[in-house]
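Me: I would like to go through some of the terms used for this model and see what each rests on.

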Protein chains: 2
Amino acid sequence: MKNFLKAAATAAVVFSVLFTSFAHAADKSYTLRLAETWGPNFPIFGDATKNMAEMAEKMSNGRLKIRIDSANRHKAPFGVFDMVKAGQYDMGHSASYYWKGKVPNTLYFTSMPFGMNAQEQWAWFYHGGGMELMQEVYEPHNMLSFPGGNTGNQMGGWFRKEIKTLEDLDGLKMRIPGFAGEVFAEVGVNPTNIPPGELYTALERNTIDAVEWVGPALDLRLGFQQIADYYYTGWHEPATELQFLINKDVWEDLPADLQEVLRVSMRTASYDMLTQSVHANAQAWASIRDEYPNVKVKTFPDDIFKAMVAANEKVLEAYSRDNEQGQRIIKSQQAYLDKTRAYIDISERAYLNTMAELEE
Amino acid sequence: MKNFLKAAATAAVVFSVLFTSFAHAADKSYTLRLAETWGPNFPIFGDATKNMAEMAEKMSNGRLKIRIDSANRHKAPFGVFDMVKAGQYDMGHSASYYWKGKVPNTLYFTSMPFGMNAQEQWAWFYHGGGMELMQEVYEPHNMLSFPGGNTGNQMGGWFRKEIKTLEDLDGLKMRIPGFAGEVFAEVGVNPTNIPPGELYTALERNTIDAVEWVGPALDLRLGFQQIADYYYTGWHEPATELQFLINKDVWEDLPADLQEVLRVSMRTASYDMLTQSVHANAQAWASIRDEYPNVKVKTFPDDIFKAMVAANEKVLEAYSRDNEQGQRIIKSQQAYLDKTRAYIDISERAYLNTMAELEE
């Protein structure tokens, strides 16, 4: 009896050790803190972050939780890069081109004027060497970057007057930030940046003559269709891809299964965002067409586009001068675009044009 | 001492029970058997199945394994529906329109002539009621169906002679199966079905005059570019979406975390397949352009398309007559297409046309 009890006691210890170590391996939970550039409940962009976090938590049965802080909490919408790099946050949701003032070659991983569309860009990221180039840019900053959601082709903006010639652009005051603003400046536009909350009033009071935002779904909420009649088709951001950032130490600390859970959740959220964008833009555009017959869709004339293509090349050349890595990224993107566009032209574009002609 | 030992023994039992039930919950593994319609290592289509299985296994840390049987094993490429329904296989990878002879309303969940493109169709599935309609069709057969990978816009086929008028289609012998074949038959084409392995010889020996397959990547392997000069743009399958099937009992037996692992793996594999298709088609089309200068891309003239639109409406009307559910699905798709296409026209199509004009 004594031996039996002794054995039982030993067993208890063994079980206890086994249980603890097993529970440790299969049950260790991770809570990652994510800072997003957007305010709370920002439509579509913010949905991508939530979608990613929900997939990761459900698929891991709660072992991987992502706590999202919107800009109202961390107060640093354009500090996401620095905060994730320094480990103040484990992850970020933002857009790569926001960091071009800090790390010039981050510019190339969001969308480029006259560049790839969303499908072409994903093909470049996942099959054309794009992911490898992006990691090459981010690794020295102790971070990994992943595609974080695509808006699809962005609209060229709302104009109060029709743009018929290059002269019409001369001195035009337009809200268009970033690289596209620099290109527009080359053809005479006076680009300005104004906080979103003040855009409607600025346009209404002629403080600005035109405003570029995103596309019907997000534009509709700001009300530009009430005060601008001309809605121009896009050229400057054909496939804006947001970005998930993760601190490299945090990434490497995750077990392989949770790395895969996170990798797949991010990739799916990126794809899902374009699906949601197409839906939301289609609904919003139907509302604008129904309720604002004043709105006319226009495309810039060819000579304006030709001037902008030249301006884009000039700005890009100056931007990447003496920058071997930047030139390599541009070359990779242009070679990839040449091939994919030749195919997209005979498939997707030909089909859409056939259908449009049948409608006429 | 005796009390201590008694307590220890009790603890051992408690630990043992705890350990067993914990291990049971967190460690129970599932191996699902999947039958795919394709032969082993079939490019792109077969890669989608493997991609899905790999994601599921890695994300679940091996708790969810999917064993793939290709057609050479199960010998029933078009028996996938029946085998999954009966539980002989847990899952399938195939295409919904293959089952139209068995369950007519399965036709609508792959791609329809003059229908939605891939992005529009995903928006319809996930935001426009498409998934709900698909489950309504599949649930009586004790299965769930999920999007399983998109080919993108399929090409209209290889023709040995240029098609200039409707008369040129009269009596033309063409390999074009399924619903599109029925539409083509209405405008005088003589559709035939020939096994893939015999297509090249049939075209070379004029047993057939034309052949529709998929797109550059898969077409190139069959060699049609060597013997046909005219490659027509598409109209009949603008967004062919493959299908994952799962037996409903098997699905319901999975714990919630593994259901989500499977759901996300399938959705991601579906998106990933279009990304891979764009890449592979772009590479293949570049090869065809370089090595076969004889190949000319053509689009059918408008009067042929108008006749095919009318034929499509006629065949569809006959097909869905006295079928409330079918009519409801058609209506949902058409209403959704009207809205999304109006948006795609001012965004994606406008951009692609702008770029094409600048190239000229």
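The questions below concern helix packing and the chain interface in a predicted model.

Me: Why is helix 5 of chain B called oblique to helix 13 of chain B?
Reply: Helix 5 (residues 118-127) and helix 13 (residues 324-359) of chain B pack at about 125°, their axes 10 Å apart. Roughly perpendicular covers 65 to 115 and roughly antiparallel needs over 145, so an angle between those ranges counts as oblique. That makes helix 5 of chain B oblique to helix 13 of chain B. The crossing is right-handed.

Me: Which residues of helix 5 of chain B meet helix 13 of chain B?
Reply: E120(B), A123(B), W124(B) and H127(B) do, and their partners in helix 13 of chain B include Y336(B), R341(B) and I344(B).

Me: What makes helix 13 of chain A roughly perpendicular to helix 13 of chain B?
Reply: The axes of helix 13 (residues 302-320) of chain A and helix 13 of chain B cross at roughly 80° and come within 11 Å. Angles from 65 to 115 count as roughly perpendicular, so helix 13 of chain A is roughly perpendicular to helix 13 of chain B. D302(A), F305(A), K306(A) and V309(A) meet T354(B), E357(B) and L358(B) there.

Me: Why is the pair R267(A) and D272(B) called a salt bridge?
Reply: Their side chains meet at 2.8 Å, N to O. The limit is 4 Å between a nitrogen of Lys or Arg and a carboxyl oxygen of Asp or Glu, so the pair qualifies. Across the interface of chain A and chain B the rule finds two salt bridges.

Me: How much area is buried between chain A and chain B?
Reply: About 7,500 Å², of which carbon and sulfur atoms give 68%.

Notes
Residues numbered from 1 in each chain as written. Chains lettered and ligands numbered in written order. Predicted model: local features only at pLDDT ≥ 70, side-chain atom pairs only at ≥ 80, totals over all residues. Heavy atoms only, no water. Axes fitted to C-alpha atoms, helices over the stretch in contact; angles between N-to-C directions. Helix = DSSP H or I, 4+ residues; strand = E, 2+ residues; numbered from the N terminus. Parallel < 35°, antiparallel > 145°, perpendicular 65-115°, else oblique. Left-handed = near helix turned anticlockwise from the far one by under 90°. Contact = heavy atoms within 4.5 Å. Buried area = accessible area lost by both parts, 1.4 Å probe.
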